[in-house]
Amino acid sequence: MDHTSKIKVTNVTKIFGQHPSQAIKLLREGKSKQEILEMVGMTVGVNQVNFDIRSGETFVIMGLSGSGKSTLVRMFNRLIDPTEGEIYIDGEEIVGMNKEQLRDIRRKKVGMVFQKFGLFPHKNILKNVEFGLEVQGVPAKERTEKALNALELVELASYKDRYPDQLSGGMQQRVGLARALANDPDILLMDEAFSALDPLIRKDMQNELIRLQATMHKTIIFITHDLDEALRIGDRIAIMKDGSMIQIGTAEEILLQPANDYVRKFVEDVDLFKVLKASNIQERIHMFDINLGAEKALQEMQELQQSHIFAMNSKKEFIGVITLAELTTAMKEGKPLETILNRNLPSVKPETLLVDLPDLVLNSKYPITVIDNKNNCTGIITKERLLSAMSNNKDKLNHVITISKKVEKARSLIEPKITSIAKGAF
Amino acid sequence: MEGFKLPLDVWVEGFISFLTDNFGGLFGVISNLLDSVVGALGDAILFINPFVFIAIIAALAWKVSRWPLAVFTLIGMLMIVNLGYWEQAAQTMSLVLTSVLISVIVGVPLGIASVMNRSINNILSPILDFMQTMPSFIYLIPAIFFFGLGMVPGVFASVIFAMPPTIRMTILGIRQISNELIEAADAFGTTPFQKLLKVQLPLATPTIMAGINQSIMLSLSMVVIAAMIGAPGLGTEVYRAVTQLNIGMGFEAGLSIVILAIILDRMSQNIGKKQRRFQ
């Protein structure tokens, strides 16, 4: 994932009321939303918020009603103007933009999906999806083509001549999504997009969004009041209360290191095993380059004090495990290393949920490997590790995760140095 | 307070004579224009053979509604011909159509402007209240000053009387569009004009049509009253029947008006309903 900032929000505040400057002054003095409402009768929608949204991530803003999340998301395309602060999209400040520049941002960069779908009842499905392109003045033929493509993405092309009220809620929202996608915006604002749907359909839609996002890599800002939804689809989650940002972090961070009691209470009923993934508890390991030969392998095993070693080929793809016993016989008989590789190790994907791991891990002779899409081994999961995670002790689990993160960080610092040293040696 | 009366009557008379003195030319132009429009419409209706015309209207009624209205139109209009009021009915229809046309041409943009601009709204709403509550006969007086006797002051008075519902329902129709749809239009980067044309007006159309329907009915009632200042048509017959205490003639002319009213009302209502989706 590209980790550059797509949207930057600096000190953004929204006050609803007659004399916002008064309320801003009170906010600066540290008065709460409730106090300001009582003192001057103005509502603090969003309170001095700062954060970055990265390109290509699904950023979920979560909060109960009245927390300011819908107000906040409407400031990204200025359906609501901030009272104070700056918002940058791709480095361009949008709060100070004139109407024309703003229209351009709305047409090209930012698409929006609404809670109650916001489909135009007087236009058929195709015309609804074409709307954004029509507004931009795209020629009829081209826009129909693009709109049909977008409808195909959500598998509704055959409904193009129907009217919104002839479709079910879930279908309507897929049309809403297609309409936003037809413009091919970089940023997708989704305001409680699935909240009006019943639970089963909602889950389908979440899966659909995850599926689409895997190929689209849009920057998605998703508003919800549903924690399960946030955990399912969010790369990062921001929790808001009374217009303020309480915590921003990954699902694991929110669950395991809640910033305060409010967040703790919010997340206390979540079943961690249905949220945490293999990548969250995996143990980073040293990979042995099989081209280095048998003696080097033996040496590394001794250094690591292990009876096995994980081998990779020159493309850094994981190829199998070499055990000490087999290595020593091979060395005696002069067999090449490739012949003694244990290639068929049980493996899981990084995104496999914890709840699916126990059978595999507990029945395997070796630790199971975590293999990503590029065939790289990102780590292993040992029985001990899984059991400590399963003890359902958040502190312990937390500890495990913190350590694995530290290791990861250390590796990322050390590895470039090693490579540069290695290069210097030749 | 006694002994002193606010000279409101003098002021109003002064204002009206100021208008007639200074804008006489303008009124003349308007008068000629309206006269020729109404005249042409009436002539057009009368030029066509009544039976052909009735068949066309009945077919139209069938198209916008279902067969009962078509049958009613056929029987009702044939009855008007039979009673001998066809010419007057044609004149009444052309008066109504002209004043409704003007009401729409002026009223819908005024309604839109009023939604877009708060101060226009603030000025317009008391004027609308005034227009709707002032007894309708009163409009006949300045109409005579501006346009003399005949057809044109009738149109003028009935426009004044009939326009408010169109304006009000235009305002209502646009205002009642759900906020989410307006946000959706904005979020896609519409200009105000695109938003109006592609979203607000189409969605407000059923409500605006209900307003136009009201305008048609009001204008029909006013056209009858306008007979008192010489506007030709069925009203003249009613007026004559009243002055002569001729109950039979009064009933026949009155019934013809009722038939026209029902046909115009049902047809315009159904156009409004059809507008809801297919456009």
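## A walk through chains A and B

In chain A, take the contacts between residues at least 6 apart in sequence: 64% of them join residues at least 24 apart, where a contact means two C-beta atoms, placed from the backbone, within 7 Å. This is a predicted model, so local features need pLDDT of at least 70 and side-chain atom pairs count only at pLDDT 80 or more, while totals for chains, interfaces and linings use all residues. As for labels, residues are numbered from 1 along each chain as its sequence is written, and chains are lettered from A and ligands numbered from 1 in the order in which they are written.

Let's stay with chain A for a bit. Its secondary structure comes to 17 helices and 16 strands; these are DSSP runs, H or I over at least four residues for helices and E over at least two for strands, numbered from the N terminus. Along the principal axes, the C-alpha atoms of chain A fill a box of roughly 85 × 55 × 45 Å.

Now for the sheets. One open sheet in chain A has four strands in the order 2-1-4-5, with antiparallel pairing; strands pair if DSSP finds at least two bridges between them. Strand 2 (43–54) and strand 5 (92–93) of chain A are at the edges with a single partner strand each, so one side of each has no neighbour in the sheet. Further in, five bridges link strand 1 (residues 5–16) and strand 4 (residues 84–89) of chain A in the antiparallel sense, and Thr10(A) sits opposite Glu86(A) in strand 4. Helix 1 (residues 20–28) of chain A packs on this sheet, touching strand 1, strand 2 and strand 4, and its direction makes about 110° with that of strand 1. Such angles run from 0 to 180 degrees between N-to-C directions, with axes fitted to C-alpha atoms, for helices over the stretch in contact.

Another open sheet in chain A has three strands in the order 11-12-13, and here the pairing is mixed. Strand 11 (287–289) and strand 13 (318–323) of chain A are its edge strands, each pairing on one side only. Strand 11 runs parallel to strand 12 (residues 308–312) of chain A, joined by three bridges, and Phe288(A) has Ala311(A) in strand 12 as its bridge partner. Helix 14 (residues 324–333) of chain A packs on the sheet against strand 12 and strand 13, at about 80° to strand 13.

Chain B has twelve helices and zero strands. Its C-alpha atoms fill a box of roughly 65 × 65 × 35 Å along the principal axes, and 38% of its 279 residues count as buried. Take helix 3 (residues 50–64) of chain B: at 1.5 Å a residue, its 15 residues should span 21 Å, which agrees with the 21 Å between its end C-alpha atoms; the expected span is 1.5 Å times one less than the number of residues. Its buried residues are Ile54(B), Ala58(B) and Ala61(B). They cover an arc of only 55° around the axis, so they lie on the same side of helix 3 of chain B; the arc is taken from the directions from the helix axis to the C-beta atoms. On the other side of helix 3, Val52(B), Ile56(B) and Ala59(B) are exposed.

Finally, where the chains meet, the contact takes 16 residues from chain B and 15 residues from chain A. Helix 9 of chain B gives the largest share of the chain B side, six residues.

Definitions and conventions: A residue is buried if 20 or more other C-beta atoms lie within 10 Å of its own, exposed if 12 or fewer, and partly exposed in between; C-beta atoms are placed from the backbone.
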